[in-house]
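Please read the following walk through a single protein chain with the model open beside the text.

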Amino acid sequence: MVITGAGLITALGQGWKMNAQGFRSGRLALRPVTLFDVSRQRVKVAGEVELPAVLPKTKLSAPELRRMDRAGKLLLLAAHEAWVQAGWAPAENLPVVLGTTSGGMSLGQDYYRQAINSPNSRRGQATRVLHYQSQRQGLDLADAFGFQGSITIIANACASGANAIGHAWELLSRGRAERVLTGGYDALSHLVFAGFDSLQALSPTQCRPFDAHRDGLALGEGAAVLTLETLEHARKRGAEILGELVGYGTATDAHHLTQPHPNGEAAFASMNAASGRAGVTPQEVGYINAHGTGTPLNDSAEAAAINRWAGGRAESLPVSSTKFSIGHLLGAAGAVEALVCLMALREQWLPPNATLETPEPACAFRLVRTPTDAKLEYALSNSFGFGGANATLILRRWS
């Protein structure tokens, strides 16, 4: 299954070029939060996106654009870039598969605050209820580009974006569609930020994935969208092919509500399933974009899984996490990081783990610490979430 369009927006900026430059150089894009009051929180920085003043022109009316929440705008910006690049035309059977964890959470917050502070006021509440529903953002995409089709929303914690792309791949592999619009999105919200902060999961210093002294993650926001289609369909219309999605694996360990299995059992199973379906060995994989949150338990469990999966290849296998740069994008993380792999394959470089100071001793693999050029044929992306949700994608360079 081939990728013919890719769009994204993160704290590094909007579009392929700005993000590729940022990821390649290892630029840190975290900054003080301005979207809501964090004076009572332990941590006060995040990967906040600077939204453009004007959204791209689509079939959405001005009132419809005004009603869109922040998450919907992020998704629309990424989808527009992918749609235009792919040169797709509207159709009556174009499936949409999206991953998210909080959807229109900011609207839910607004509803709750008004209900508490002004219980007799109903102004705007109906609109908030309508657009809070997670399928709303998918419906907005269909309206924006004038197509119809099934809409599937996957909310599988931090594996959501990767699971969405994997599900889209399954639809194409099983002949249920010729093309699918897929990706992940999430916007910062006070409720989610405060929740992670209260769990003391956020780093009070600096997010340092796979560092021996790591002390937590950073949160971010953004969206990434891919236009995925069969090779036959892409060739029939003469489309430019950016890369190929060749493998997908998923597994659940149900070890703990928030903690991964210490030996990374399901993570290993997920990587094994993806490489098995792709017909790719660890020796052929040139880079792993790790889930790498910067939390003590996640990174050690993932290290154990990668070590076991890679075997003798581990010592020379390049691995990095890009979450230090833009933060953990929750439901969007897997989609954005799949796109980072696509960038690395297209442009032949490795994104550095730039905040790493003292490598975690459990890592038998090679952690990429500085901007590096490389010859890559395959790249693997891991996404793991609360509740033991694990997903792995494998991409191949197109030439």
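Is T322 buried or exposed? This is a predicted model, in which local features need pLDDT of at least 70 and side-chain atom pairs count only at pLDDT 80 or more, while totals for chains, interfaces and linings use all residues. Residues are numbered from 1 along each chain as its sequence is written, and side-chain values use heavy atoms, with hydrogens and water left out.

T322 has a relative accessible area of 3% and is therefore buried; the term means under 20% relative accessible area, with exposed meaning over 50% and partly exposed in between (1.4 Å probe, protein chains only). T322 belongs to the loop between β11 (318–320) and α12 (323–326). Helices (H or I, at least four residues) and strands (E, at least two) are DSSP runs, numbered from the N terminus. Leaving aside neighbours within four places in sequence, T322 is in contact with F23, N289, E337, V340 and P351, where contact means heavy atoms within 4.5 Å.

F23 leads on to the largest nonpolar core, which has 52 residues. Such a core is a set of buried Ala, Val, Leu, Ile, Met, Phe, Trp, Tyr and Cys residues joined through side-chain atoms within 4.5 Å. The residues with the most contacts inside it are F23, V336, L339, L342, M343, L393 and L395. At least two residues each come from β1 (2–10), α1 (16–25), α7 (160–173), β8 (222–229), β9 (243–252), α13 (333–347), β12 (349–350) and β16 (389–397). The largest share, eleven residues, is supplied by α13. A second, separate core has 29 residues, including A79, L98, L141 and A223. In soluble globular proteins, nonpolar side chains tend to be buried together.

L395 shows how the parts of the chain meet: apart from neighbours within four places in sequence, its contacts are I3, E244, L245, V246, A338, C341, L342, L345, E377, Y378 and A379.

Why is β9 described as largely enclosed by the rest of the structure? Eight of its ten residues are buried. β9 pairs with β16 in the antiparallel sense over nine bridges, and T250 stands opposite A391 in β16. β1 and β9 also pair in the antiparallel sense, over two bridges; pairing requires that DSSP finds at least two bridges between the strands. I3 has G243 in β9 as its bridge partner.

The aromatic rings come next. A search of the whole structure finds five aromatic pairs. Rings of Phe, Tyr and Trp (its six-membered ring) pair if their centres lie within 6.5 Å; planes under 30 degrees apart count as stacked, over 60 as edge-to-face and the rest as tilted. F210 and F365 form an edge-to-face pair, with 5.8 Å centre to centre and 85 degrees between the planes. F210 lies in the loop between α8 and β8, and F365, 155 residues apart from it, in the loop between β12 and β13 (366–367). Both F210 and F365 are buried.

W83, W88, F145 and F147 form one aromatic cluster. R179 lies over the face of W88, at 4.8 Å from the ring centre. The charged end of R308 sits over the ring of F268, 3.9 Å from its centre. The criterion is NZ of Lys or CZ of Arg within 6 Å of the ring centre and within 35 degrees of the ring normal.
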